[in-house]
Structures are given as structure tokens and as C-alpha cells.
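Let's work through a few exercises together. Have a go at each task before you read its solution.

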Amino acid sequence: MIRRKDGIHVDVGGATGTVVADARSAVGDVNIVSHAHADHTFRRTPDAVCCSATTAALVEARTGTAVEFTDSLPGIELLPAGHVAGSRAALIEGVGGHDRSVLYTGDFSTRDRAYLSGFDPVPADVLVMETTYGDPAYRFPAQSDLEAEIRDWLADNDDPLFLFGYSLGRAQKLQKLAREATNRPIVASDSVLTVNDAIEAATGVAFDAEPLRTDDLDGDEIIVLPANQARSDWVADLVERVGGLKAGFSGWAVDDSFLYRGGYDVTFPLTDHCDFDELLTVVEAVDPETVYTHHGFDETFAAHLQKRGYDARPLLAGQRTLSEFA
Ligand SMILES: [Zn+2]
């Protein structure tokens, strides 16, 4: 039985009991955290979490709360999900006392990017997948072309450049691209630096951004900031004072409205999620009997899968029971 309430609940039964993934409240017998984005972590950290060591380190760094974790349990295999540092999908086996398997993706990307390897799908009977960009309008350029375009833009503009992306994920990739493209100083906000330090301590991948001091900019800097600050007053004041260009990075950049909403001068569809075609490729590789979609274009993508002959449906919040294992 699989349902979506607060997070995704899978009733495995047997010794495992109920597996709960990416919930705000840790009510499962096993509680999985797929990655350290705030909307996937617990309000109060439970006694034991099933996650990667890097995710535990990132949650500790961002919340100041110690995390007891395990990355291996009988019947549960964590697989690199390629979304952000430490992100994992979970292959849950022996579900319902039968020889059935459920693959839960969490947020994921199949693209190799910077220090991340893309998600490598494995076969499963049931696939529970994140479908943020599960609409055919969201097809992104090849990663190498996209990164070359971003590096060219970084190298061609001498103004102060303000780059906006999530503190965990896009912000690190933007620092890597900026360093590949130029020798200019890179500065970042505290929230980005906190994540940099945690990733470096956990994985050895280093970043060379210095702390942003808003009163001490000489105009040569590349400034990496959290996406949620793009419209903030202090950023508006800073851009007015030192000049420069604002760039937004997200899969939503495919829509013109993303540029206007963020007040950006330029946008690039750099994302940590799969695009529509990549989602389809993953379904084909997993070859499941049933697909449950969640997040973003969950209904649209399930409908596309149905047209292709799959038993697929959105895992809507509040629906109690969607599947019983025979
Ligand atoms: Zn995420």
C-alpha cells in the first residue's frame, strides 16, 4: 500500500513496517530523507534517519541539529539520485510480504553535472517518481551546450554578475561554472557558504567563494546568492549601487514569466531535475507495472504514461489508498 500524506508512505510489512520518505513528521518505522532541501527534511529530527552521510552532514549544518543516520537497512538500498550532493533514491524490496519492489526517486536528475553523477535507474515493480517537469514544454538543452552557453555569458560580461540559485545545488554548480569561465573573485552569501563547507567536509569537493561583504565590493565580483533573495530589497539596493546584471537559473526559465518574476536580466534553464524526455527514459529503464507521480506536472505526466500503455496515476496528497499489493 502506497499513499501520500505528509511525505510518501509505503507499508512494507514484516520486519520493516512502514517506510516514510521525505515527510515533515517522522511517523514511519523507517524514515528516509532523500536529500537536504528544506521541504524534504523533518521538522523535528527523529532518533534515526535513513539517508546518506552527506545528507546528514548537510542537515546538521543547515539546522544545527545532530542527525543520527544509517545508510543501509535490510531490504532498503539507497541509490545516488543525482539531484544535489548526497541525494538518494530508495529501492525498497519485499513489500507486502511478497517479492515486490518499490523504487522511490525523491528529487532526481539523470544528467552528470559538475561533481554529481546522474541517477542510474534500476528495475522495480512500482515506481514512485518526482515529476516536477513532467510536461512536454520542459525539454532542456544538452548539459554540455547549456554549460558552454553559461560560461560564455560569464566570460563576456565585465559587470558585477549576480547569480541566483538554491543555496544547496544550483549555487555550487554556478561557482564551478564561474571558476571555469573566469578568474574573477567569487563571493557568496552565508547560506551558500554553509552548504559549501558541509559538502567539502563530507565529500572533499571544494569551492573557492569568499564571504559577501556588501559594503566592500569593488565591482569585479561574481556574486552567488540564494534564489529566494532575487526580489529582496537589499539585493535591489546593492544592484542599484554597484550596477551589474542579474541571472536566474532554473528549469522554469523555459517560461518567460520566470525572468519577470525574478527581475532577472537573463535566465538559463539550468536545473537539478529531469526534463520531460529524461523522465520518460527513466520509466522505460525501470520498466515498472505501476507508476505513481508526485510534484509538479504529476497529472500531466501520468496521462502521458497512460497513453504509452503504463498503469500510471498521480499520487495526490490526501488520497488514502491507491494500491494494494495482491
Ligand atoms: Zn530538492
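**Exercise 1.** Which strand does Gly 13 lie in?

*Solution.* Gly 13 belongs to strand β2, residues 7-13; strands (E, at least two residues) and helices (H or I, at least four) are DSSP runs, numbered from the N terminus. Residue numbers start from 1 along each chain as its sequence is written. Keep in mind that this is a predicted model, where local features need pLDDT of at least 70, side-chain atom pairs count only at pLDDT 80 or more, and totals for chains, interfaces and linings use all residues, while side-chain values use heavy atoms, leaving out hydrogens and water.

**Exercise 2.** Work out whether His 304 is buried or exposed.

*Solution.* Start with its place: His 304 sits in helix α8, residues 298-307. Its relative accessible area is 17%. Buried means under 20%, exposed over 50%, and partly exposed in between (1.4 Å probe, protein chains only). So His 304 counts as buried. Leaving aside residues up to four places away in sequence, His 304 touches Pro 136 and Phe 276, where contact means heavy atoms within 4.5 Å.

**Exercise 3.** Describe helix α7 from its start to what follows it.

*Solution.* Begin at the N-terminal end, which Asp 275 caps: a side-chain oxygen lies 3.2 Å from the backbone nitrogen of Asp 277. Then look along α7 (residues 276-286), where the buried residues include Phe 276, Leu 280 and Val 283. The cover over the buried residues of α7 includes β9 (101-104), β10 (126-131), β17 (290-296) and α8. After α7 comes Asp 287, with a positive phi near 50°.

**Exercise 4.** Describe how the two domains meet.

*Solution.* First, the parts: domain 1 covers 2-137 + 273-314 and domain 2 covers 143-268, with bounds from an automatic or database domain assignment. Their centres, taken over C-alpha atoms, are 28 Å apart. Domain 1 brings 20 residues to the contact and domain 2 brings 21.

Now the area: about 1,600 Å² is buried between them, 72% of it from carbon and sulfur atoms. Buried area is the accessible area (1.4 Å probe) that two parts lose on being put together, summed over both. On the domain 1 side, Leu 58, Tyr 115 and Tyr 133 lose the most, together 33% of what that side buries.

Finally, zero salt bridges turn up across this interface, given a side-chain nitrogen of Lys or Arg within 4 Å of a carboxyl oxygen of Asp or Glu as the rule.

How values were computed: Polar contact = N/O pair within 3.5 Å; in protein donor to acceptor, adjacent residues only side chain to side chain.
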